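This briefing covers a ligand site and a sheet. The structure comes next.

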Amino acid sequence: MSMGPLWCVVPAAGRGTRVGGQLPKQYLPLAGRPLMLHTLERLAAHQQIAGLMVVLGGRDEHWPAIGQLEGKPVLTTVGGAERCDSVLAGLRALPAEVTDDAFVLVHDAARPCVRQADIARLIELAVPAGGGLLGAPLRDTLKRADDGGRSQATEPRDHRWRAFTPQLFRRGELSAALLAASVTGVTVSDEAMAMEHAGFAPLLVEGAEDNIKVTTAADFALAEFLLPRTL
Ligand code: CTP
Ligand code: MG
């Protein structure tokens, strides 16, 4: 299936409470530059990505007013209380040239180590499948804890995947799915969950596990190590 240029929505409206500190994590330095800048540059450098829609927090005073990267437009809009609200806001703010049938990528600002090859693989496999996401099958044995932190049972590991981003869906279908989740009061933790609720079965595309989501302060050292190794 031939594939035109894609826009990417980048949710960056979180507060980074698990990292802590004054500055939201997306602006904290990683290898000397704001975390989010690494992510945006990597996305803009991808040949199949046409433009970026960055979703910022309502009181963001740190956005460096980047209008373009790698010659591609970088637009911004304001997000909401939950990640799913931010993604929906980003989808709504996309330019009209992105039709309802067009595929869009959604990628967390907090995942700077995503590999170009994995983005390409997701596009190649998930477009003909009608939508999908990067992820990886669980490797470790999975335990269910009781309230006291003791292992109650061992859960089956087969068919269990960790979900990453980017995730790729059609603009119209994803917008409708996120809106439906929102009106029914379901907080979806990723795009694929919204699509599952809407009756779709997103394709799981295996990607590198070093596509980490920087979540805690300790993750910065790991991401700094991984950055040059995931180019
Ligand atoms: N995000 C967003 N809007 C929100 C919440 C999160 O755009 N209301 C974005 C974050 O900025 C991040 C991505 O979604 O790029 C993944 O979320 P997460 O890693 O949970 O970041 P935070 O919500 O900022 O961190 P925490 O949950 O620790 O507060
Ligand atoms: Mg969060």
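This is a predicted model: local features need pLDDT of at least 70, side-chain atom pairs count only at pLDDT 80 or more; totals for chains, interfaces and linings use all residues.

Residues are numbered from 1 along each chain as its sequence is written, chains are lettered from A and ligands numbered from 1 in the order in which they are written, and side-chain values use heavy atoms, with hydrogens and water left out.

**Ligand shell**
- Ligand 1 is surrounded by 18 residues, the closest being Ala13, Gly16, Thr17, Lys25 and Ser86; a residue is near if one of its heavy atoms lies within 4 Å.
- By class, that shell has seven charged, six nonpolar and five polar residues, where Asp, Glu, Lys and Arg count as charged, Ala, Val, Leu, Ile, Met, Phe, Trp, Tyr, Cys and Pro as nonpolar, and the others, Gly among them, as polar.

**Polar contacts (N or O pairs within 3.5 Å)**
- The side chain of Lys25 places an N or O atom 2.8 Å from an oxygen atom of ligand 1.
- Backbone N or O atoms also approach ligand oxygen atoms: Gly14 at 2.9 Å and Ala110 at 3.4 Å.

**Sheet**
- Eight strands (DSSP E runs of at least two residues) form an open sheet with mixed pairing, in the order β5-β6-β4-β1-β7-β11-β8-β12; two strands pair if DSSP finds at least two bridges between them.
- The edge strands, β5 (68-69) and β12 (203-206), each pair on one side only.
- Strands β4 (residues 49-56) and β6 (residues 72-78) run parallel and are joined by five bridges.
- Leu52 stands opposite Val74 in β6.

Conventions:
A polar contact is a pair of N or O atoms within 3.5 Å; within protein, one must be able to donate a hydrogen and the other to accept it, and residues adjacent in sequence count only if both atoms are side-chain atoms. Helices (H or I, at least four residues) and strands (E, at least two) are DSSP runs, numbered from the N terminus.
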